[in-house]
Amino acid sequence: MQPTLRVNTFRQSLILSGLFVLGLLAVNLIVFKPGTMAVVTLSGLYQGMLFFLIAAGMSIVFGLLDVLNLAQGAFFMLGAYAGFAIYGALPAGTPIEARFIAALVGATLTGGLAGALMEIGLLRPLYARPVYQIVMTLGLSTALNEVVRAIYGPAGLVPIEEPPLLATTFTIAGGQFETYRVFIIAVGAALMVGISLLLQRTRLGIIIRAGVQDSEMVQALGINVRRIFTLVFALGTAVAALGGMTAAPFLGAYPGMGTDFLLVAIIVIVIGGMSSYEGTAIASLLVGLTRATAEQISLQYFNTPILASVSILLFMVAVLLIRPNGLFGRD
Amino acid sequence: MSALLEVQDIHTFIGQFHILEGVTVEVPANGITALLGRNGAGKTTTLRSIMGLNPPARGAVRFDGQALHGRKPFDIAQLGIGYVPDYRAIFRQLTVAENLQIAERRRGDLAARSAFIFEVFPDLEKLYQWPGGQLSGGQQQMLAIARALVPHNRLLLIDEPSEGLAPVIIEGMMAAIRRLTDQVGVLLVEQNFRVASQLADHYVVIEDGKSVHTGRMPDLLASPALIQKYLSAA
Ligand SMILES: Nc1ncnc2c1ncn2[C@@H]1O[C@H](COP(=O)(O)OP(=O)(O)OP(=O)(O)O)[C@@H](O)[C@H]1O
Ligand SMILES: [Mg+2]
């Protein structure tokens with residue numbers, strides 16, 4: 001006796017995703033020189049991982065709590081600013097490596113703590129009121145942008161200094177690529193695997209997967225679902241803040257930096273199939289690769305990066321035409 | 001000795017609707033008590049009120065002498081009450097094994113209970129790694145009851161276990177439920193009167209949100225007039 005049905009639809013989703021990847025690689029092969037292609041692929045993975053760090057928490061929270069957290073981008077920004085604050089607060093002689101690690105840890109904790117406070121203080125009264133949630137999460141996001149603008153000014157902060165080890169570039173097939181962006185890819189990949197193991201192998205993961213379907217029954221089994229909601233929400237915002245801090249040496253920090261990423265993250269979640277974790281992970285990378293490819297084509301032939309954002313929307317339309325519920329969506 | 005579960009004159013509202021208007025039920029520590037009544041009488045709502053899923057506005061629920069008033073459902077469950085809802089609530093994306101693991105309240109609950117569970121429901125052992133969503137209706141019902149047996153529960157609330165099952169499956173289910181009664185008390189909602197009458201020692205009849213009659217099952221069976229009065233379809 002072997003379970004087959006679910007495995008088959010899952011496999012179809014995987015095959016479809018694989019076809020999209022092959023299509024993108026084919027376009028790359030035809031249009032670019034090998035060096036450019038390598039850089040575009042790495043750049044796509046780099047962008048995709050940043051999208052993933054924002055979208056992962058959003059999609060799990062959406063599945064479990066039925067809340068689309070439109071403030072998730074603000075937590076990304078919060079992470080970057082927390083990183084700057086920690087860099088500045090450490091005593092003068094602290095080595096860059098120590099500052100960097102302290103900033104990563106501190107930003108993650110800040111994001112998690114702020115997320116927990118938001119869930120307990122602002123979101124709890126609004127469960128089962130979707131419109132209020134949209135207004136609240138969007139309003140909180142705007143408010144955080146303004147707070148940051150008021151404290152640090154509208155111009156944004158220059159990028160954080162990277163540890164010397166990562167502040168190098170390397171050559172791949174004749175193309176130049178920054179080591180730091182590979183570090184971002186590695187952080188994203190580690191979290192992708194880590195979250196997957198959390199969902200599949202731990203008791204918390206079982207509770208999350210069950211709660212997505214029927215949180216009332218989970219509660220009737222003796223599990224304090226409220227506490228799980230807070231924990232999961234906080235984990236999601238912590239990962240987004242870690243993403244913001246990880247990106248800070250590259251992007252700097254500026255008011256509204258999360259908003260651009262938020263929009264892409266929502267598209268990623270839709271393409272992946274709303275509450276599917278696998279879908280979100282794979283869609284992040286697909287969107288990153290699509291965007292990087294379109295950006296390079298656009299620069300190469302039209303001298304403007306304009307196609308980059310358009311390409312994501314076109315990609316979403318293409319996926320939804322084939323799969324109205326997204327790559328890994330159910331029903 | 002007082003009963004394991006005492007439900008005293010509870011009133012429950014869902015939204016502005018006054019659904020339960022005085023339900024009183026007692027369940028002894030061993031044996032099965034059947035909750036009888038026509039469709040829409042308030043049987044499911046009574047179970048949900050006990051679990052705290054629809055907390056009663058008035059009246060009292062006591063489990064093992066403790067008042068359940070003001071406790072959250074997870075807290076009530078942790079006292080030792082297992083709930084098997086009418087829709088079974090099997091987690092479709094979880095394997096049978098995970099559906100059982102999630103019910104653990106202490107590490108090792110499942111390991112300690114799996115031999116008993118597989119003895120009562122041998123099918124579940126074969127299906128252990130299957131996704132819950134691929135089980136048949138009867139298998140899902142077995143899993144729902146098994147899940148309530150994983151932690152050390154002293155009371156099970158079982159809602160319509162025979163609903164939608166083939167007669168031969170129902171026989172197996174009845175045998176299984178009967179086997180549990182030396183370990184737990186059972187409050188059983190069952191529309192199939194043949195099933196209810198063969199399983200239960202006591203019964204309570206609910207009509208329009210009120211408990212109107214209670215007694216011992218053999219007395220009910222001996223009285224066509226009572227059956228006619230409370231349970232005929234009209
Ligand atoms: N969420 C709800 N909102 C409004 N009314 C409800 C709700 N749930 C139940 N009711 C009403 O409460 C009454 C009791 O319902 P309940 O499900 O407890 O009955 P039951 O005895 O279990 O019936 P059945 O045998 O059909 O399962 C019914 O009239 C039903 O319509
Ligand atoms: Mg019912």
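In the predicted model, the contact between the two chains draws 22 residues from chain B and 19 residues from chain A. On the side of chain B that touches chain A, the elements giving two or more residues are helix 2 (73-78) and helix 3 (96-101) of chain B. Of these, helix 2 of chain B gives the most, with four residues. By class, this side of chain B comprises 14 nonpolar, four polar and four charged residues.

Ligand 1 is surrounded by 13 residues, of which B:N39, B:G40, B:K43, B:T44 and B:T45 are the closest. Strand 2 (17-27) and helix 1 (43-51) of chain B are the elements that give two or more residues to this shell. The most come from helix 1 of chain B, which gives three residues. The shell around ligand 1 is made up of eight polar, four nonpolar and one charged residues.

Elsewhere in chain B, helix 7 (residues 167-180) has 14 residues and reaches 20 Å from its first C-alpha to its last, close to the 20 Å expected at 1.5 Å a residue. Within helix 7 of chain B, the residues B:M173, B:I177 and B:L180 are buried. These three residues lie on the same side of helix 7 of chain B, because they cover an arc of only 50 degrees around the axis. The face turned away from the buried side of helix 7 of chain B carries the exposed residues B:P167, B:V168, B:A175 and B:R179. The packing partners of the buried residues of helix 7 of chain B are helix 6 (137-149), strand 7 (155-159), strand 8 (185-189) and helix 8 (193-199) of chain B.

For chain A, the mean pLDDT is 93, and 98% of the residues of chain A reach 70 or more. Confidence in chain A is highest in helix 7 (residues 203-220) of chain A, at a mean of 97, and lowest in helix 1 (residues 5-31) of chain A, at 87.

One position in chain A was examined individually. A:T293 lies in helix 10 (residues 277-302) of chain A. A:T293 has 25 other C-beta atoms within 10 Å and is therefore buried, the threshold for a buried residue being 20 or more. Leaving aside neighbours within four places in sequence, A:T293 is in contact with A:L24, A:V27, A:N28, A:V40 and A:G44. A:T293 and A:T36 are 257 residues apart along the chain, and their C-alpha atoms are separated by 9.9 Å.

Note on methods:
Residues are numbered from 1 along each chain as its sequence is written. Chains are lettered from A and ligands numbered from 1 in the order in which they are written. This is a predicted model: local features need pLDDT of at least 70, side-chain atom pairs count only at pLDDT 80 or more; totals for chains, interfaces and linings use all residues. Two residues are in contact if their C-beta atoms, placed from the backbone, lie within 7 Å. Ala, Val, Leu, Ile, Met, Phe, Trp, Tyr, Cys and Pro count as nonpolar, Asp, Glu, Lys and Arg as charged, and the others, Gly among them, as polar. A residue is near a molecule or strand if its C-beta atom, placed from the backbone, lies within 6 Å of it. pLDDT is the predictor's confidence in each residue, from 0 to 100. The expected span of a helix is 1.5 Å times one less than its number of residues. A residue is buried if 20 or more other C-beta atoms lie within 10 Å of its own, exposed if 12 or fewer, and partly exposed in between; C-beta atoms are placed from the backbone. The arc is that of the directions from the helix axis to the C-beta atoms.
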